[in-house]
Amino acid sequence: MAKIFKLEEFGYEVEIGKFAGQADGAVMFKNGGTYLLSTVVAEPTKDFPGFFPLSVDYREQFAAAGRIPGGYFKREGKPSDLEVLTSRLIDRALRPLFPEDYFNSVQVLNTLYSFDKVHNPNSIVLMAASLALSISKVPFMGPVGVVEIGRVDGKLVLDPNSTDREKSDVKIVVAGTDEGINMVEGSCDQISEKEFLDILFLAHEKIKKQVVWQKEIQKELGIVKDPVKNSFDWNLWKERAFKFLTEEKVQTVYVDDKVIRAERLAKLKEDFNELHRGEIEAEEGLFQVVDYIFEQALKVQMTDMIISSGKRTDGRSYDQVRKIDVEVGLLPFTHGSALFKRGRTQALVTTTLGGGQDALKQDDLMSVKPVEKKFMLHYNFPPFSVGEARAVRGVGRREVGHGYLAESSFKYVLPAESDFPYVIRVVSDILESDGSSSMATVCGTTMSLMDAGVPISNMVSGVAMGLLQSQSGKFQVLTDISGFEDNFGLMDFKVTGTEKGITAIQMDIKYKGGLPRDVFESALAQALAGRTHIMGEMKNVMDKPRAELSKFVPKVVVVKVNKDKIGAIIGPGGKNIKEIIEKTSTSIDIDDDGFVKIFGTPGELMDKAIVWVKVLGGELERGMKFSGKIKKIAEFGLFVELVPGQDGLVHISAIPKEQQKDMERFYKVGDVMDVIVEDYDKFSGRIKLKPNKS
């Protein structure tokens, strides 16, 4: 029997028991006219996977907004970047909240079925997924609540509607349990660390109310969770691993070189397996289980040693950044390039500038027509960067997520389109990786943009941070974590920003209890010191954008015309603009507000395009000179084509008297005639010409 539950304060309503009856958990989550169906199905895995096999997907039906998909097949295809990013956000908030020894395959599917264009589905779909898990028998240790924070006219707004989202200069999504925050993601216009912390704890007060509501639903439905069942003795092997990993053995992996460290880790595993070879070989699949448990125990022992010794595995202190090397302008035919290296993480970043036709057009349910994206940052992570040989099959979720984080870091420092009308594409290729590749991308992007001459208002740097906790309960923040350290921290978070403040942040907290405010304060203060140091190293190489663009960048001239003249420039069926582009080898972009951007190589052809646009756009001035073709001879004068699509009249009174009685004798249709603009009526569009006798 279907049941409906409401949370009036937030305008939420959820219907349970009506939809997807064969799923282990299913809810239709409603916020205004926005409806989301979230479903959960869990099933045992045949073989030990070596990780928790959770899969999360979010999909948007075009029908939700009364639309039919574009393209040939007229059906939803591969997930859009927004769907991928939303799926990742849900996954990152849910994944830490399962038992460490639970390895059933869990699939969480979330589908948008109705969208009212006011209540954003991306800010509530995580709670829908949480509720679906909470009412299932899956041993999920939630529930999770989620709040989006915006800032409009200097005031914080919780869960902003579509209008407020457009005006907001802060977009931060915060998720958490009743105990504490466990996931944060967002971008903002250079806010301070204190402002960010205030946002976190303001959001958490609302999150706690959402969690209480979900727990009340659980209780009313009488949900009983399944116990975790394993065919192996988890605690026995855990105890053996801890006993084996003595301080002396753990000390062997204290080495700066990533490759050597990996070899020594492999040797430790080999020695442990040899010690118990008989038992491991006697039970099918036990080798993978023991290997997993050993790694978990090693993380705990390594954490204790790092905190007790005051040194990290590579010899650095807690707040020390790895050695930084920066180069700019190393690729001669790109518009801008930079190589940023931090330790054994290396990003090669290029910047390309283009015209309006190069903008990315994306279907968006919020908009009637495709949205144009004029700044793109693409992140690539080839297998050789970590010494692997594997198939390359398109862009993965990780690459989309890392690229988005880096891209959002520059939202508030890029020049206004009116000042810099280029489309900007940045590509970051990770050539070597030992952690923090997304932050290397941010730093490399800053240098590449400046090398290209893009007038960014402030430089942006980024740093990846970690948080450890010893078995005694002591917390320790780490600056610039390596790939090895990333695997065993309680929290990893990435912070980007300028000297004025934070521009983007991504925080994943694996700690299941609530972290106190002073831990966040310490982590953010150490992150500020880290990115300030990195910024200094970047400034030693280059501290402001180049004054001039590369000679390979197409030049741009902006012509402002009246809006009612846009149609004349485009012409019937695009005839005029196509002809201009074809005959002048330029690219032309026309905005709805009347700004016409002409991109091309300086010279005669570009000058011709500029004049052509000005004439069709009615931007004529007295004294302008043209060599036009005579299109028609009339009793009262000559019609001269200044540019294709626009004629002017040389009145008979401007023609020498001796030629007036027999003009066809002296002038032929198709002849070129030099003329000067004598007058132009903007209202009627009439152009008065006279012969240019000079």
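Me: At roughly what angle do the axes of helix α1 and helix α10 cross?
Reply: First, a heads-up: this is a predicted model, where local features need pLDDT of at least 70, side-chain atom pairs count only at pLDDT 80 or more, and totals for chains, interfaces and linings use all residues. Residues are numbered from 1 along each chain as its sequence is written, and side-chain values use heavy atoms, with hydrogens and water left out. Helix α1 covers residues 81–94 and α10 covers residues 397–408; their axes come within 9 Å and cross at roughly 95 degrees.

Me: Why is α1 called roughly perpendicular to α10?
Reply: Axes are lines fitted to C-alpha atoms, for helices over the stretch in contact, and angles run from 0 to 180 degrees between N-to-C directions. The crossing is roughly 95 degrees. Angles of 65 to 115 degrees count as roughly perpendicular, so α1 and α10 are roughly perpendicular.

Me: Which residues of α10 make the contact with α1?
Reply: Contact means heavy atoms within 4.5 Å. From α1 come Asp81, Val84, Leu85, Ser87 and Arg88. On the α10 side, they're Arg397, Arg398, Val400, Gly401, His402 and Tyr404.

Me: Which residue in β24 is the bridge partner of Asp589?
Reply: Strands are DSSP runs (E, at least two residues), numbered from the N terminus, and two of them pair if DSSP finds at least two bridges between them. Strand β23 (residues 587–590) pairs with β24 in the antiparallel sense over four bridges. The β24 partner of Asp589 is Lys597.

Me: How many residues of β24 are buried?
Reply: Buried means under 20% relative accessible area (1.4 Å probe, protein chains only). Strand β24 spans residues 595–600 and is mostly covered. Of its six residues, the buried ones number five.

How values were computed
Buried < 20%, exposed > 50% of the residue type's maximum accessible area, 1.4 Å probe, protein only. Parallel < 35°, antiparallel > 145°, perpendicular 65-115°, else oblique.
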